[in-house]
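Thanks for passing this one along. Here are my notes, point by point, to read beside the model.

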Amino acid sequence: MTTITTPRNRGDRPKAGRVLTYLLVIAIALAIAVPVAWVLLASLKQKGEFYGSPWTLPEGLHLQNYIDAFVTARMGQYFFTSVLVTLLGLVFVLAVSVPAAYVIARYEFRGRAFIEVALLAGLFVNVNYIVVPIFLMLVGWDRALVDVLPGGFFIDNPGVLSLVYAATSIPFSIYLLTAYFRSIPTSYEEAAALDGASRFQIMTRVMLPIARPAVVTVILFNFLAYWNDFIIALTLLPGEGKTLQVGLLNLMTAQKAAADYGRLYAGMVIVIVPVLILYALIQRRLIEGMSSGGVKG
Amino acid sequence: MKEFTRGALVVTARTLVAAVCVAVVVIARTTVGWGSLAIMLCALLVLLVVLASYNRRFR
Amino acid sequence: MATTTSTPPSDISAPARPARRSARRRGDGRFVLACLLPALVLFVLFMVVPTVNVFRMSFYTWSGFSPDMRFVGFDNFTRLFEDAQFVRAFQNTVALLVVVTVVTMGMGLFLAAIMTRQRLRGRNFYRFVLYVPNVLSVVVIAAIFSAIYDQQNGLLNGTLRLLSLDGLQQVWLGNQEIVLWSVAIAMVWQSLGYYMVLYMSSMASIPEELYEASGLDGASPTRQFFSITLPLIWQNLRTTLTFFVMSAVNLSFVLVRAMTGGGPDGSSEVLLSYMYKQAYTNSSYGYGMAIGVVIFAFSFLVSLLVSRATRREPLQF
């Protein structure tokens, strides 16, 4: 590509460019940081303080908002549902993806190429495209089982929700893990096999520890996906046991009707803070993992 | 010099076409109808063609 | 497709791709099956079957909870032609896709390039901040932007009042003309940092000597960007661009669902949210799935075209 090149004063220009760059980057960083910080501060305001200028600091620590959110709006209960669903989902996805990725990377078998292509195609199917048929399928199963389980089993079941989460992140997880397993030399397994280790032992005792970085990446990305999802949780848990995100969505709707800002902001903080803490702890890992995946759902 | 001018012209033309396409998409959205949807899809297609024409030299 | 993979442990110097096992052992088959089966069952049950069902159900009318399902052929699709709300949702989807992609990718590339080339101090800190929106959930982002756009007490209108620019105040989420662009800004806010950080990490691996050499030849920074940076991160750019189509369609849905509900009066409806609405609010699942087929076809086609238009021989450095 040709661009217009004019002679420049080389000593002068980079300096001006540098200042401009700093200004630009700082502006963007502020555009991201200010709204988040504003929410944190606003969660401490009393009802009256929300009228007037939005730039005032809270007058005191009005923690009643948090009590309202945790107890009255039941965010505390939703918090535990979210933790449960996320953890279960992670357990499920690792339990099925690691062995599958390992054999795809290491064994020759009929249909391997086909399975790989199918999983790759699965990367292009976003969960939100297929949430309606999943819901209808589960409703159908419940109807078929109505004699055995009149209360229904599949809808409103956090375990089923985490199973759906796990299933829909299988393509991504296997894709990442397979690539990593392939990059590990076979010499480890050969040595272990000579020592008489079984196939299962080789997979769990030898390969899994070596593949830890990839496993951690899978955990991180799936954690964020499960914790932050609300469409599937909204659809599959229509009853009382909601997840945190759906609870927050309800708070938003309630706020629109009643102008109860304090509770909403406190609810937002409850949702944001755990993720921010985790992110601060593992950000290097996350960003490294991201460049290895390159795929965003 | 001639080569240089030509290059600059091509760059300007591509940038211009891309900008026009984005503008067309934004403007066509304001009227609801299959006609404007078709226009928007055409603009999207032209954008992709511009991308492909930029990329052609690197194939 | 695949971008760079994570580096394996550094104490190994053996060749990198020894996927083949020399000898097949007895019982391999059973082990392979045991390892694969759970993943495949889940994948087929919750991804393949629902995807097939989207297409199958689009040929039926079904109100959901009654077992009465009637085959209607292409009726659902012909109904789409007369549905002005569907056209509008389609237009909004295309508009968001084009504008958000151009803005996010353009700004992301540009900012990543200058940040990498200028070697700013405190880069890690900026990187930390820029990536924050990506770990926040869409509901939180929707709530943040609802607070920013709030008519009376929002950050935006409040600031405009403070600066005595009352004339610029808007009902950001209530005005049919601008609501979609309010959503677009939230989309860019969410995804810009992710792509910046991604491109920065891939630009950081370009050897410095390349820039020094072309600098001696008198190449300007702009020229260096197009002749060195862009070609060397092209594969990365191509992957992200291909997948961005899908993630933009999806993100526009979740944001619209949480922020505006498609309103006011359907002016911010996008295809996926319209499908969702038809399925759950209107209980016409067959019709909803016909919309789903259109979304599938559209996003697949655009992804395919993007990946075709950007295909290159991989370049090593």
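1. Of the 317 residues in chain C, 58% are buried (under 20% relative accessible area, with a 1.4 Å probe and protein chains only). This is a predicted model, in which local features need pLDDT of at least 70, side-chain atom pairs count only at pLDDT 80 or more, and totals for chains, interfaces and linings use all residues. Side-chain values use heavy atoms, without hydrogens and water, residues are numbered from 1 along each chain as its sequence is written, and chains are lettered from A in the order in which they are written.

2. Chain C has 12 helices and 2 strands (DSSP runs: H or I of at least four residues, E of at least two).

3. In chain C, 69% of the contacts with a separation of 6 or more join residues 24 or more positions apart (contact: heavy atoms within 4.5 Å).

4. The largest nonpolar core has 228 residues (buried Ala, Val, Leu, Ile, Met, Phe, Trp, Tyr and Cys joined through side-chain atoms within 4.5 Å). A:Met75, A:Phe181, C:Ile144 and C:Leu255 touch the most other members. Helix α3 (residues 84-118) of chain C gives the most to this core, 18 residues.

5. Leaving aside residues up to four places away in sequence, A:Met75 touches several residues, among them A:Phe70, A:Leu244, A:Leu251 and A:Ile270.

6. C:Leu168 sits in the loop between α6 (155-162) and α7 (179-203) of chain C.

Note on methods:
Buried < 20%, exposed > 50% of the residue type's maximum accessible area, 1.4 Å probe, protein only.
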